[in-house]
Amino acid sequence: MDKEIINSQEAPAPIGPYSQAVKANGMLFVSGQIALDADSGEILNSNITEETHAVMKNLEAILRASGLTFLNVVKCSIFVKNMGDFATINEAYGQYFKTNPPARETVEVSRLPKDVQVEISCIAVL
């Protein structure tokens, strides 16, 4: 199997032993993204809407580095610290998938990296 590691300077560098994304067999697997600003390293989380948009912009930068867009996304996984934020996260997330949204699951977790409120990963097809 051939695989290609994808890294975008427009998205935050990995904070552990993983790649931003991996292309393999006509698919792109994007690691979970949080609201970390690529330039400053700061968490953008004054509210859950801002945080969700920052996460989506990081995903978008990685997709773009692969020559893809949100139209190529077939699956997302959303991890939230508080399921009570679901409606607000869903509203912001939905702005990136106006038609034919991907399959998805949303799971409440007790803690996320850097104590953020939301993390999202995705799978796209080439």
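Reader: How many salt bridges does a search of the whole structure find?

Author: Side chains of opposite charge can pair when their charged atoms come close. A salt bridge is counted when a side-chain nitrogen of Lys or Arg is within 4 Å of a carboxyl oxygen of Asp or Glu. Searching the whole structure gives three salt bridges. This is a predicted model, in which local features need pLDDT of at least 70 and side-chain atom pairs count only at pLDDT 80 or more, while totals for chains, interfaces and linings use all residues. Residues are numbered from 1 along each chain as its sequence is written, and side-chain values use heavy atoms, with hydrogens and water left out.

Reader: Which residue forms a salt bridge with R64?

Author: The partner of R64 is E10, with the closest N and O atoms 2.5 Å apart. Because R64 lies in helix α1 (residues 48–65) and E10 in the loop between β1 (3–6) and β2 (21–24), the pair ties together parts 54 residues apart in sequence. Helices (H or I, at least four residues) and strands (E, at least two) are DSSP runs, numbered from the N terminus.

Reader: Is R111 buried or exposed?

Author: Buried means under 20% relative accessible area, exposed over 50%, and partly exposed in between (1.4 Å probe, protein chains only). R111 is exposed, at 61% relative accessibility. Its salt-bridge partner is D115, the closest N and O atoms being 2.6 Å apart, and D115 is partly exposed at 35%.
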